[in-house]
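Open the model in your viewer and keep the selection panel at hand. Each stop below says what to select and what is there.

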Amino acid sequence: MSILIKELKICSASKFHQTFIVYFVVVACSLILGNCSPSCMDGKGDKSIKITWDSSRSYDVSTVSGGGHKVYYNSTSSISKTNSAIVDIPASTSGVSGTISKLHGGCTYYIRVGAYSNLNPAGSNLSAERSIKIP
Amino acid sequence: MKTQSIKNTSLCKIIFALFFSVTLIWGKPVSINQSGIFNKKFAPGEVLIQYKKNVGQSYADALTQLRGNTLKRTLSHTPQNTGPIQLATVRQGITVEEAIAEYAQNANVEYAQPNYIYHAASAPNDAKYGQLWGLKNTGQTLTDPGIWYTTNNPGTSGKDINIESAWGVISDCSSVVVAVVDTGINYTQEDLAANMATGSYSCPVGTGTYGCDFVGVGTNNPMDLAGHGTHVAGTIGARGNNSLGSTGICQTAKLLAVRVLDATGSGYTSDIVEGVNFAAGTATGQGKAKIINMSLGGGGYDALFESAIVSAQSNDVVVVVAAGNSALDHSVPSNASYPCDYPDSNIICVAAADQKYQMASFSDYDANSNVDARNVDVGAPGTNIYSTYFGTSTDIITTTTPPYDDFTGWTYGTAGWAYNNTCFTSSGVGVASLLTQQFCGIVSGGTSPFVPANSLDSRVYKNFNLSAVYSAVIASFYAWIDLSDSLDYFYANYNKNGGDPFVTGSTNIAWTNGPLHTGGFVGPLSADLSACNTTTCAIGFQYKTGVTGNNSAYDGIGIIYVSITGQTISANSYAYENGTSMASPHVAGIAALVRARNPKYAYSDVVNAVLAGGDPEPAFTSATKSGNVADAYGALKYIPEPTGVTVALH
Amino acid sequence: MNGNDNRHGRLVTRRVQKIISSFYTICFLLFCTNVISAGEALQNRAIKVASNIPGKSIKQRKLNEYLVTVKSGANEKEVRRAFAQYKIHSIAKIAERVFLIVISEDPGPEQMEKTAKTSQKIEAVQPNFLYQAL
C-alpha cells in the first residue's frame with residue numbers, strides 16, 4: 001500500500017498524470033464502492049434464499065411443458081428483466097418456489113418473479129418487488 | 001534522474017492500466033441461467049435468439065455466429081421495442097440446450113429458446129368462411145346482397161382477430177357456458193343446434209331445454225323471434241368445420257339462450273335482471289354461465305341492473321357488452337349508455353371496427369382524457385358481419401301499398417285525426433299519413449290558427465286480421481310528435497277484441513308525454529302483437545291534452561309507415577348485420593377461448609387477457625381504454641403477473 | 001530547479017492525496033451505507049369513475065310498472081301496504097327482495113320515491129326501464 005502511495009507521489013509529478021490519477025481513482029473508487037464490500041452479486045457467497053409465489057393460473061405456464069417462472073434479482077432495487085440476474089425455474093422443476101444460492105450475508109437483495117410459456121417466452125409482467133436483507 | 005523518470009513513467013502506465021481495468025470489470029450483471037428440460041417438440045439443431053432493444057442488425061449477426069453457429073435468418077416481423085430475432089443452426093458437437101445456455105450468457109441477449117414446432121390451424125371448411133373478415137381478413141370484398149356498410153369494403157388484409165393462430169392452440173369452448181342475453185336463440189338453426197347448452201333449466205313457467213324466456217311473464221321457450229340474438233350467438237359459437245354456413249370464434253361451444261328482449265328487440269329491467277341472475281346462477285336448474293354477452297343498451301342509470309351484474313361478478317362471471325350505435329362519446333355525462341358505463345370490473349364494453357380497423361361510423365366510444373376512466377374498453381369487428389339468423393319476415397298488411405298501410409278504413413273515433421296524402425312526399429310521391437287537426441299547416445312552417453283545446457281525447461284505429469299463424473307478429477310505425485307540456489300525451493295501443501283500443505282491456509304499445517318536439521318522424525317504433533292473434537286486432541293512436549295548460553299552435557301528432565309483419569322461423573337462415581352488437585360477441589368468443597384454455601382463471605384474468613392481448617390500432621388509441629382491437633391469439637398468449645411472492649432465508 | 005520541483009511535487013502530491021481522501025470519504029458515504037428502498041414496487045390501481053346521474057336521463061320506462069326493493073326480512077305484504085293508494089293490480093317476485101308491481105294509477109317516479117320513503121320496510125323503488133338491442 002505504501003509502495004503504491006509512493007509511486008503515486010512520483011506519478012503525480014506532472015499535471016497530466018495528476019489528472020489521470022484523480023480520474024481513475026474517482027472512477028475506480030465509485031465502482032468498487034458501488035458494489036460495496038463484499039460484492040453482493042459476485043456469486044461467491046455461502047448464503048441462500050428461497051422464493052415462493054402463488055401457482056400460476058395460466059394453463060400454458062403451469063401445465064404445458066416449456067412453461068415456468070424466472071426469478072429476477074439484484075442488490076439494487078427497481079428490478080427489471082434487463083438489469084438483473086435470472087434464475088429459471090421450469091414448471092417441471094417447481095411451479096411455486098425456487099432458491100438462489102451463493103449470496104452474501106450483509107447484503108440486501110431485491111426480487112421480482114415473472115412467468116413464461118411456449119406461447120409467450122418473453123413472459124408476463126413482473127410481480128411486485130420483494131427484498132430481503134441477509135444477516 | 002532520467003533513468004528514474006523512465007522507470008517511473010512505465011510504473012505510472014501500469015498503475016493507470018490497473019485503474020483502467022477496474023472500470024471494465026464491474027457493471028456487467030452476472031447472469032446465472034439454469035436451462036430447463038425441453039419436453040416439447042422442436043426443430044433439431046435450431047435456436048431462436050431474441051436480442052435486446054438497442055442491438056443493431058449487424059451486431060446481432062456477429063453475436064449469433066460468434067461461437068461458430070450459423071445464422072439461418074433474421075425474422076422479418078418482430079414486436080416493437082425489441083431487438084432483432086434470429087434463427088441459428090447450432091454447430092456440430094453441441095446440443096440445442098447447450099447452445100441456448102451459451103447465448104443466454106451474453107448480456108445482449110434477452111432470451112434464447114428452441115424453435116418449437118406448432119401445428120397451424122388450417123381454415124375450416126364452412127361454406128361462408130371467406131365472408132368472415134373479422135376472423136380472417138384477406139382484403140376480401142363482400143358482395144352478397146344485404147350488405148349496406150360500404151365504407152372500407154374491401155378492407156385491409158391482416159386486420160382481423162387472428163383466429164387461425166388461436167385455433168392452433170384451442171378451438172373448443174364447450175367447457176365454458178356462454179349465455180346470450182338477448183332476443184333468444186333460434187336453437188333449430190342448422191349451424192347452432194349442435195352447440196347449444198342443452199339441459200334442464202328452471203324457467204318462469206316450466207322447464208326449458210335451451211335456456212329460458214324472461215320477457216313479461218316468461219316461458220320455457222327462448223326461441224328468437226327477431227334474429228338479433230341468433231346472429232350474436234353464431235358469431236360466438238356457430239359450429240365450425242361442418243361445411244355449413246359460418247363458424248363461430250368457438251368452433252364447438254355451449255350456448256345458453258336467455259331471452260330478455262321481445263320480437264322487436266325491446267326489453268325491460270325486470271326481464272333483464274331475471275335473465276342475468278338465471279344465466280350467472282350456479283344452483284340446480286340455473287344457467288351456470290361463465291361468460292355473458294349483452295348486446296343491448298339504455299340511457300339511464302339503473303340500480304337493479306347494475307346489482308345483477310355485481311352478483312354475477314361474485315360468481316366469477318365475465319360480462320361482455322356493446323358500447324352503443326349512436327356515435328356518442330361516453331365521456332360526456334349526458335351520453336352515458338348502460339350497461340357499458342357501469343364501473344364494475346367484470347364488464348368488457350366493446351366498440352365496433354370496420355374492415356380497415358377504422359372505428360365504424362355508428363360506434364360509440366370514450367375519449368375521456370383520463371384513460372383509466374374510459375368505459376369503452378376495446379374494439380372488435382362490427383360491420384358487414386355474416387352469421388346465423390332466425391328466419392324470414394312476411395308482410396301481413398294487404399293494402400294497395402304494402403308493406404305500409406294506406407290508411408283507408410280507419411275509424412276516427414273522435415274529431416281531431418284526419419287522413420292526408422299530400423302533406424309529406426317521398427321522391428315526389430305523396431305519403432299516406434294520419435294527422436291531428438291542422439298538423440300539416442304546423443309542420444309546413446306556417447302558424448295554424450288552430451290551438452288544440454284542453455281535455456282533448458282524439459283517437460283513430462283500425463281492425464286487422466292477425467289470425468294467420470306465425471311465430472310472432474310485429475307492428476311498427478313512425479311518428480312526428482309535438483307536445484308542449486307534461487300533461488299532453490301520445491299513446492299507441494292494441495286490443496285483440498277489435499274496436500276502440502283505448503278502452504279497458506287494451507294493451508299499450510308506446511307512449512310519451514311532453515314537452516317533446518321530435519322535429520321530424522322518428523321510428524320505427526315497434527311492438528310485438530303476437531298476443532293479438534285474432535281476426536279483429538285493433539291498432540290505434542291517441543292524442544290527449546291536459547285539463548289545464550297552454551297548448552301551442554304547434555301541437556299535434558303525425559303517423560306514417562304503419563307496417564305489420566309475421567315472423568317465420570327457419571333452420572337455414574343467415575344474414576349480414578352491423579352494430580356494436582356484432583362486435584361484442586367477437587370479444588365474448590375470445591373470452592370463452594381464454595377461459596376454456598385456462599380453467600383456473602378468475603374473471604379479472606380473462607378481462608386482462610382480452611384487453612392486454614389486443615392489437616394497438618390508431619383509431620382506437622384515444623377512444624378506448626386499452627387502445628386495442630381484440631386479438632384472439634394475443635389473449636391466449638397473455639400471462640397474469642405472478643402474485644404472493646415471498647422471500648425467506650433458506 | 002530540482003529542489004523547487006521536488007518541493008512543488010510534494011505539495012501537489014499532498015493536495016492530490018487530500019482530494020483522493022475526500023473523494024474516498026464521499027464514495028464511502030454514498031455507496032456503502034445501505035439505501036433502504038421501499039421494498040415493494042408501487043402498484044398501478046386503475047380507478048374507474050362512475051357516471052351515475054339518476055333522474056337526469058331521458059330514459060323510457062314501462063307505464064304503470066315499478067320495481068320495489070324491500071329491506072331484509074320484509075316481504076310482499078309490505079309492498080302492498082306501502083303502495084296501496086295507487087291500486088296495485090299485480091305483484092311478482094323478480095329477485096331476492098325485489099318485486100315488480102303493476103299499478104292502476106301511475107303518479108310518476110318522483111312521487112313513487114316520496115311514497116317509498118314513508119315506509120320503514122321499503123329500501124328502494126325505481127321505474128322498469130326500457131332497453132334495446134344494439
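Select residues 1–6 of chain C. The pLDDT (the predictor's confidence in each residue, from 0 to 100) stays under 50 there. This stretch has one contact (heavy atoms within 4.5 Å) beyond four places in sequence in the model. Move on to residues 27–59 of chain C, where the pLDDT is also below 50. Beyond near neighbours in sequence, residues 27–59 have 53 contacts in the model. Where pLDDT is low, predicted coordinates should not be read in detail. Chain C as a whole averages a pLDDT of 69, and 56% of its residues score at least 70.

Some ground rules. This is a predicted model, in which local features need pLDDT of at least 70 and side-chain atom pairs count only at pLDDT 80 or more, while totals for chains, interfaces and linings use all residues. Residues are numbered from 1 along each chain as its sequence is written, chains are lettered from A and ligands numbered from 1 in the order in which they are written, and side-chain values use heavy atoms, with hydrogens and water left out. The model scores ipTM 0.78 and pTM 0.76.

**Chain C against chain B**

Select both sides of this contact: 31 residues from chain C and 47 residues from chain B. The two chains bury about 3,100 Å² between them. That is the accessible area (1.4 Å probe) lost on putting the two parts together, summed over both. Carbon and sulfur atoms hold 57% of it.

How many residue pairs are in polar contact between chain C and chain B? There are 15, with both residues at pLDDT 80 or more. A polar contact is a pair of N or O atoms within 3.5 Å; within protein, one must be able to donate a hydrogen and the other to accept it, and residues adjacent in sequence count only if both atoms are side-chain atoms.

Now colour the side of chain C that touches chain B. Strand 1 (61–70), strand 2 (88–95), strand 3 (98–103) and strand 4 (122–133) of chain C each supply at least two of its residues. Helices (H or I, at least four residues) and strands (E, at least two) are DSSP runs, numbered from the N terminus. Strand 4 of chain C gives the largest share, eight residues.

Stay on strand 4 of chain C. Strand 12 (residues 296–297) of chain B pairs with it in the antiparallel sense over two bridges. Pairing requires that DSSP find at least two bridges between two strands. Pick B:Gly297: opposite stands C:Gln132.

**Chain A and its partners**

Select strand 1 (residues 47–52) of chain A. Five bridges join this strand to strand 4 (residues 97–103) of chain A, running antiparallel. A:Thr52 stands opposite A:Ser97. Strand 1 of chain A also pairs with strand 34 (residues 646–649) of chain B, antiparallel, over four bridges. There, A:Ile51 faces B:Val647 as its opposite residue.

**Backbone stops in chain B**

Chain B averages a pLDDT of 88, with 90% of the residues scoring at least 70. Residues 22–40 of chain B fall below 50.

- B:Asn153 to B:Pro154: a cis peptide bond, omega near 10 degrees. B:Pro154 lies in the loop between strand 4 (109–116) and helix 4 (163–167) of chain B.
- B:Tyr338 to B:Pro339: another cis peptide bond, omega about 10 degrees. B:Pro339 is in the loop between strand 13 (318–322) and strand 14 (347–353) of chain B.
- B:Ser243: a positive phi of about 65 degrees, although not a glycine. Look for B:Ser243 in the loop between helix 5 (228–237) and strand 9 (252–259) of chain B.
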